[in-house]
Amino acid sequence: MKSRVEAGDRLFSLIVYAFIILVCIVTLYPFIYVVSLSVSNIGSVMRNEVLLLPKGLNWAAYQTVLTYKGIFVAYGNTLFYTVCGTLLSLGLTTTAAYPLTRKDWKFRGIATGFLAITLWFGGGMIPFYLVMKNLHLLDSRVGVLLYAAVSTFYIIIVRSYFDSIPKELLESAKIDGANDLRIFAGIVLPLSKPVLAAIGLYYAIGKWNSFFWEMILLNRESLLPVQALLVRIIRDSSFDKEMQLALTSDSGVLPITIQYAAVVVTSAPIIFIYPFLQRHFVKGVMIGAIKS
């Protein structure tokens with residue numbers, strides 16, 4: 001009987017490992033293919049010979065992309081939107097979550113209800129665009145920072161974490177003469193570093209990868225983040241004169257190799273950083289499981 005159980009456990013483990021390996025292959029293959037195609041020689045690319053590993057080595061596509069000034073401008077914009085947007089979002093999220101933990105606030109239930117409604121209902125794309133237009137926030141860095149400045153879901157998570165802080169600690173600080181602002185800044189926030197790190201990373205990753213609303217709200221290419229610029233390059237093959245010259249000259253580049261090289265250049269930073277931040281994402285998932 002025991003041997004049958006052990007055999008069943010081994011079979012189950014084998015199935016799990018096989019499934020994980022399959023998922024890894026399916027996940028990694030597209031990126032490996034993109035990298036291989038971007039560095040393969042032009043003849044192999046045109047003959048569709050690249051399936052997994054690169055055929056020859058040709059860095060001309062990367063040279064073309066990295067000499068494109070728009071990439072560095074877009075990177076600067078992305079860093080600005082990510083850093084400033086994350087700080088703004090954390091500030092708004094924490095200041096919105098803290099009052100919801102105060103049971104002596106008589107509007108607590110109403111505010112929670114209004115926030116909960118936004119989880120299921122939204123105004124829609126066109127009304128939102130018209131609001132941004134009437135506020136003169138189109139084609140503006142401020143508009144990009146404000147359009148997704150706060151997430152109701154993250155407010156609820158942070159509120160749940162604030163609720164886990166011992167109330168006796170806050171009450172003792174109040175007895176000692178500390179006001180709400182002092183309690184919030186001096187006690188609640190320092191004790192909430194785990195949730196702030198996790199939510200901050202979620203905000204940062206979302207802002208780094210965001211492109212849809214940026215393409216709608218921004219017209220000037222000098223304001224576009226790197227992901228929106230990448231969409232233009234892939235979808236519209238929208239290159240500047242330097243890239244067009246490289247494509248028409250005998251430099252060993254094709255539109256598809258430039259597109260794939262742009263994908264690698266814009267994706268590489270977050271791919272390299274993610275393994276170092278993974279533990280914070282795991283911690284963020286556990287924080288989201290706290291009962292409110």
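How exposed is Asp-163, as a relative accessibility? I looked this up at the start, keeping in mind that the model is predicted, and found that Asp-163 counts as partly exposed at 23% relative accessibility.

Entry on the search. I went through the whole structure for salt bridges, and the search finds five.

Entry on Asp-163. I find that Asp-163 is in a salt bridge with Lys-167, where the closest N and O atoms are 3.9 Å apart. Lys-167 counts as partly exposed too, at 30% relative accessibility.

Entry on Arg-47. I looked up the partner of Arg-47 and found Glu-49, with 2.7 Å between the closest N and O atoms of this salt bridge. The relative accessible area of Arg-47 is 54%, and Arg-47 is therefore exposed, since exposed means over 50%. Glu-49, on the other hand, has 34% relative accessibility and counts as partly exposed.

Entry on Asp-180. I find a salt bridge between Asp-180 and Lys-174, and its closest N and O atoms lie 3.9 Å apart. Asp-180 is partly exposed, its relative accessible area being 35%, and Lys-174 counts as partly exposed at 41% relative accessibility. I then followed the shared partners from this pair, and they join Arg-102, Lys-174 and Asp-180 into one network of salt bridges.

Definitions and conventions:
Residues are numbered from 1 along each chain as its sequence is written. This is a predicted model: local features need pLDDT of at least 70, side-chain atom pairs count only at pLDDT 80 or more; totals for chains, interfaces and linings use all residues. Side-chain values use heavy atoms; hydrogens and water are left out. A salt bridge is a side-chain nitrogen of Lys or Arg within 4 Å of a carboxyl oxygen of Asp or Glu. Buried means under 20% relative accessible area, exposed over 50%, partly exposed in between (1.4 Å probe, protein chains only).
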